[in-house]
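Student: I would like to learn how to read a structure like this one. Could you take me through it step by step?

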Amino acid sequence: MANTPYPESYYAASANAVPPRPALQGDVETDVCVIGAGYTGLSSALFLLENGFKVTVLEAAKVGFGASGRNGGQIVNSYSRDIDVIERSVGPKQAQLLGQMAFEGGRIIRERVAKYNIQCDLKDGGVFAALTGKQMGHLESQKRLWERFGHTQLELLDQRRIREVVNCEQYVGGMLDMSGGHIHPLNLVLGEAAAVESLGGTIYEQSPAVRIERGATPVVHTPQGRVRARFIIVAGNAYLGNLVPELAAKSMPCGTQVITTEPLGEALAKSLLPQDYCVEDCNYLLDYYRLTGDKRLVFGGGVVYGARDPANIEAIIRPKMLKAFPQLKNVKIDYAWTGNFLLTLSRLPQVGRLGDNIYYSQGCSGHGVTYTHLAGKVLAEALRGQAERFDAFADLPHYPFPGGQLLRTPFAALGAWYYGLRDKFGY
Ligand SMILES: Cc1cc2nc3c(=O)[nH]c(=O)nc-3n(C[C@H](O)[C@H](O)[C@H](O)COP(=O)(O)OP(=O)(O)OC[C@H]3O[C@@H](n4cnc5c(N)ncnc54)[C@H](O)[C@@H]3O)c2cc1C
C-alpha cells in the first residue's frame, strides 16, 4: 500500500517526534468518522471527544500532511472577506453572529496549546502592513468595524511606529493585532492529534476514504477497511478531490508557496522583526512572513490557481523577500515548498450538511488557521443539536466558479491578474 510521507519542508525537518500510526484494516464502528487530519478534522474531533462522542479519524497520508502542516503559521483573525461585506449579503443578524465569532479561533488555539501543553513556538502579535494610503484607510475602517464586534486588542501604527516593529521601508503604516500571532503549524496539528488520542480518539494514517456509502448509518470505505458511523465530518479541504462531488463544484484548490532561510542569528533576526510579530501586507496577492523559533525567516507569497506545483519556488518567492528585506541578499534559502488551500468565489468558507448525517467545512480561501479551529467547535455544536452558529455559516451563499471545473482556473487567474494590477498601481 502507498506510504505518503510529508513533503520536504522546514516544518517536516523540525517536527516534534510522534509515534507511527497504523492504517485502517478491517471494520470499525464509531459515533463520528472524521475524514482528514488537518486543523478542521482534529479540532472537530477534539470538541466531540470532550463532549463524550466516540471518534475515528481517517487521514489519507499523515497528520498535518495538507495545508495545516505547511502553512505560513500566521494566526490571522476574522475571515478572508470582511464582516461588512458579509453583512451586505446575509443581513445584520447573521453578520452579528459571524462577527462575534471572528476572533474565537485564535482563542481556541491558545486554549488548546495551554490545556494539552502543545510545544509549537506560539507567539502573540500580528501586523497588517499597509503599502499605500488607501490600504491604511481600509485598516482604519477595519479597526472600527472589528471594535464594533468587541475586538479590542488592535492598534493602528503610523509610519514611524510600524518601523519599530517591522524594519521594512515599504510600509506607510499598519495595524497591530495582539490577539493574532504565530505558531509552528505542523507541531500545532501534531499536538492536537496527540490530544485526540489522549481522550480515546483513534487516528488511522495512510487510510484514504475512497467511497462514502450514504444512508441512515453511513459507511466510509478505505482501501483495506470500513468505518460505520452515525455521523461523518468531511474535512479534506483542498486535498479532498472528488470524493464528495457536491463540494468540488463550488471551490477550487490553489497552491501557495513558502521559503525558509538559514538561521539568521539573534541580532539579524531582531533587526528585521524586533518584537517577533508576524506580518502580512494588505495586497490582494499578499506577502506574509515571520521568524521561527530558531530565528529563520519564513516568507510566503505567490498563488498558483488550480494548484499546479511551480518548478522553482525559490525563484518566485526570494525576489519578494528581497524587496521587503534587501539586507538578506546573501542569506541562503534552506527550504522551499508549496501547499494547497481551497478558494471559493466569495472567499468565505463553505459549511453545511448533506442529508442528515454528513457534515462539512472547507474553503476558507487562505486565512484558515483560526477559522478551522472555530469550524471544529461549530460542527461539534451542530452534532450535539445546537445549530445556531453552524447555520450562520451554512446560510452564506455560494456559487459555482464561472466556466465550471474546466474553465474555473483561467477565470480565477484572470481575476487575480486584475487584482494584482490594482495592487501594483496602488488602487
Ligand atoms: C502554503 C500555505 C500557507 C498558508 N498560510 C496560512 C497562514 O499563514 N495563516 C492562515 O490563517 N492560513 C494559512 N493557510 C491556509 C491554512 O493553512 C488552511 O486554511 C488550513 O490549514 C486548512 O485546514 P484543513 O484542516 O481544512 O485542511 P488541510 O490541512 O489541508 O487538511 C486536509 C487533510 O485531509 C486529508 N484528506 C483529503 N482527502 C482525504 C480522504 N479522501 N481521506 C482521508 N484524508 C483525506 C489530507 O491528506 C489532509 O491531511 C496557508 C495555506 C497554505 C497551503
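Tutor: Gladly, and we start with residue classes: Ala, Val, Leu, Ile, Met, Phe, Trp, Tyr, Cys and Pro count as nonpolar, Asp, Glu, Lys and Arg as charged, and the others, Gly among them, as polar. By these classes, the shell around the ligand has 21 nonpolar, 20 polar and two charged residues. Keep in mind that this is a predicted model, where local features need pLDDT of at least 70, side-chain atom pairs count only at pLDDT 80 or more, and totals for chains, interfaces and linings use all residues. Residues are numbered from 1 along each chain as its sequence is written.

Student: Which residues are closest to the ligand?

Tutor: A residue is near a molecule if its C-beta atom, placed from the backbone, lies within 6 Å of it. Here 43 residues surround the ligand, and the closest are G36, G38, G66, G72 and G368. Helices (H or I, at least four residues) and strands (E, at least two) are DSSP runs, numbered from the N terminus. At least two shell residues come from each of α2 (39-50), β11 (252-261), β15 (333-343) and α12 (369-383).

Student: Which domains does the protein have?

Tutor: Domain bounds come from an automatic or database domain assignment. In this case the assignment gives domain 1 (10-70 + 186-248 + 346-396) and domain 2 (123-182 + 252-343 + 407-427). Their centres, taken over C-alpha atoms, are separated by 28 Å. Two residues are in contact if their C-beta atoms, placed from the backbone, lie within 7 Å. The contact takes 12 residues from domain 1 and 14 residues from domain 2. The ligand shell draws at least three residues from each domain.

Student: How do α3 and α4 pack?

Tutor: Two packed helices are described by the angle between their axes and the distance between the axes. Axes are lines fitted to C-alpha atoms, for helices over the stretch in contact, and angles run from 0 to 180 degrees between N-to-C directions. Helix α3 (residues 83-90) and helix α4 (residues 92-101) pack at about 150°, with axes 7 Å apart. I83, I86, E87 and V90 in α3 meet P92, Q94, A95, L98 and G99 in α4. By class, this contact has six nonpolar, two polar and one charged residues.

Student: And how many helices and strands are there in the protein?

Tutor: The protein has 14 helices and 17 strands.
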